[in-house]
Protein chains: 2
Amino acid sequence: MLNERKPIAVTEAIQRVCDHTVTGETEYVALSESYQRVLAKDILADHDVPAFDRSPYDGYALRAQDTPQANENNPSVLEIVGHIGAGSIYPNRLEEQQAVRIMTGAQVPTNADAVVMLEDTEMFEEKGKRFVSVRKSLNRHDNISFRGEDIKKGKVLVEKGTVINPGITALLATFGYADVPVTKKPVIGVIATGSELLEVDQPLEPGKIRNSNAYMIMAQIKRAGAIPKYFGQLTDDLPESLEKMTEVIKEVDFLITTGGVSVGDFDLLPEIYQEMQANVLFNKIAMRPGSVTTVATLKDQILFGLSGNPSACYVGFELFTKPIIDSYLGKKAIGNQKKHAKLAVVISKDNPFDRFMRGTYSIEHGELSVRPAGKDKSNMVHSLAAANCLIQLPGGSNGYVKGSQVIIHILE
Amino acid sequence: MLNERKPIAVTEAIQRVCDHTVTGETEYVALSESYQRVLAKDILADHDVPAFDRSPYDGYALRAQDTPQANENNPSVLEIVGHIGAGSIYPNRLEEQQAVRIMTGAQVPTNADAVVMLEDTEMFEEKGKRFVSVRKSLNRHDNISFRGEDIKKGKVLVEKGTVINPGITALLATFGYADVPVTKKPVIGVIATGSELLEVDQPLEPGKIRNSNAYMIMAQIKRAGAIPKYFGQLTDDLPESLEKMTEVIKEVDFLITTGGVSVGDFDLLPEIYQEMQANVLFNKIAMRPGSVTTVATLKDQILFGLSGNPSACYVGFELFTKPIIDSYLGKKAIGNQKKHAKLAVVISKDNPFDRFMRGTYSIEHGELSVRPAGKDKSNMVHSLAAANCLIQLPGGSNGYVKGSQVIIHILE
């Protein structure tokens, strides 16, 4: 087995995976369930916003020409002929020297052309009529939010592929999207392999460890916006495992196995892939950790054979599975965001291969800096907990001095 | 009404709210449902990790003293007396010149003290026995991951108050947390007020707008890690509204109303608060937008009266409600993260009051920079969609030059 595996470059491996993208179907979900989903269609304004000329303040709608030279000592006096609460309208035209009391957000009457704020006025009654003294001269268009000022009808408000945030939710509500077109989330199957694995609720036994990878990967799947589905563990029996894989693949969009793809004696996965007639894209990558990651296709589906080593499994998911999920969801940005960051510590060890080190980035004094997330021996689950990025260290270096620029892949 | 409202400083307002924190109870959820929940207890290691001395490689476990001066031309030859697959153990002691084939992750036999990697060996058979040529001299402890090397039993692995990420999930699985202690999410009621409001599925009418705030706030509640519950709209009728508020408050931990707290004629909320015997902490803040935000307490509960204006509503939630949710969840960090950022554009307008402007930050060349998220007139829903932060602009300035340092509150 050892000699059959030809390592390829990590960029080449990512490319081979990304050549096999599938896009998910559109489904409609209730607006209140759409947070963090990915828009499957452009959102268009079906009306102007505001939909009418509206008052941004409490005050009086009036005709500016009726307040010439009005000031503190020489107010213009207008008759109050109506009252427009929010959501109601004044059905008549304003005549000379007339004003209408208006609430914030209410529609300005047809031929009113300005609004005076409440604090620049005084109301009084005389002979059963109500009047307002306006202590300020208004210009046409003062204090009016004009129809279409915020958004013009027909405008693309948000492009498809965008993740819905609270602000987009407000837009969707404004334009009547009681149901929102979003891309279906892919269902990603997870199967653990490895005869050393106990389930999480089993007591420890000599030589055995609890299965942490499957649960970690399921959390990574959720973080990526997809739906994990756990199918337990494969046994050491080839026909039984083959049958299970063949059944599982029908229930999912993509399938991840963890473990069992090391070069050890007991690795059944290559045989299983062969029996399933899966097309192996690669089974070894010139990188650390995760060199024995395997990715294969089966018609439209992709099988990810991630390492049983927790760090390698974690990195393999972020580099290879995450972009496939992004593509499936139709996201505009594929794969984790990459940024330049300054190394806050020295990394002294030689680095013959491309390496992806778990890192913790922070922003201090406006600058992005990063440090390894604890010890990085590949079996150290502990440092995964503190990781919010991967530090990409190109192969062939002899280490990095403090302050070097590195590229990080942002996870959180 | 106008004169009764005394504005207080925004820091004072935040302080008054944060003096009324309540912490949620602990509940247990299945590990696979725990992603992004907040840990309610410290997570302790109940065993060493690794739990036994283990091999980080495929190879042979041996006694280092049996490979003196071994090299390419002068290999040490050891008899292969066993095979340890992952999860199995070798029950005997190693005798002189013996080796055991060992898989990655398997337990090293009792008195083996080093592991030679498979690629530094060759296997052969002779007279029905199997041997390995070791082409490298080993030192004691070479290639062994020692018991407790990653984590010592009893260590606090993750402190309570931490949000569960995929790496923490791996730790929880490793230590057998099939069920995870997390803080209950608070249920936050949302009620809209305003006779201008149509529901999202209603057609537009003159003078009316669709209710966008309630849906926006529900998305903000989810972003903050709590559970929104929408109770529709209040009518203009005081007894009816009072009854509804009194019923709703029994079903939630905190209650948000949007709208109706402007200084307009039709504002019933102050009366409702009074009838409910709520203790008003403040009802006006020296800030923009959101100056008419009201917060009141009712025993252990908090009532947030946010403005009907979308921007003011958005900002009011992030400044006052978000910290209360964080406290309830027992998070270590309360309120949105604040960072220094460089203004990418000039902000020319005078700024008499503390202002919280919707912003879009980005990290370019390792530096955090920020710009306003589109036009910032307070009625502009559109710019909310692009906002991933609030730019905090202290009152009393005459604008800001490009390149100025500002503080931003990170939302996404």
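**Exercise 1.** Which strands of chain A does helix H6 (residues 310-329) lie across, and at what angle does it run to S19(A)?

*Solution.* Start with the ground rules. This is a predicted model, in which local features need pLDDT of at least 70 and side-chain atom pairs count only at pLDDT 80 or more, while totals for chains, interfaces and linings use all residues. Residues are numbered from 1 along each chain as its sequence is written, chains are lettered from A and ligands numbered from 1 in the order in which they are written, and side-chain values use heavy atoms, with hydrogens and water left out.

Now locate the helix. H6(A) lies across strand S11 (187-192), strand S15 (254-258), S16 and S19 of chain A. Its angle to S19(A) is about 165°. Helices (H or I, at least four residues) and strands (E, at least two) are DSSP runs, numbered from the N terminus. Contact means heavy atoms within 4.5 Å. Axes are lines fitted to C-alpha atoms, for helices over the stretch in contact; angles run from 0 to 180 degrees between N-to-C directions.

**Exercise 2.** Trace the sheet in chain A and find its edges.

*Solution.* The order is S14-S11-S15-S19-S18-S16 (chain A), an open sheet of 6 strands with mixed pairing. Two strands pair if DSSP finds at least two bridges between them. Strand S14 (227-233) and strand S16 (279-282) of chain A each have a single partner strand, so one side of each lacks a neighbour in the sheet. From one strand to the next, the twist averages 20°.

Asn279(A) has Thr297(A) as its bridge partner in S18(A). Helix H1 (residues 10-18) of chain A lies across S16, S18 and strand S19 (301-306) of chain A, at about 145° to S16(A).

**Exercise 3.** Describe the interface of chain A and chain B.

*Solution.* First, the area. About 6,800 Å² is buried between the chains, and carbon and sulfur atoms give 61% of that. Buried area is the accessible area (1.4 Å probe) that two parts lose on being put together, summed over both.

Last, the salt bridges. There are 2 across the interface, each a side-chain nitrogen of Lys or Arg within 4 Å of a carboxyl oxygen of Asp or Glu. Glu33(B) and Lys222(A) form a salt bridge at 3.8 Å, N to O.
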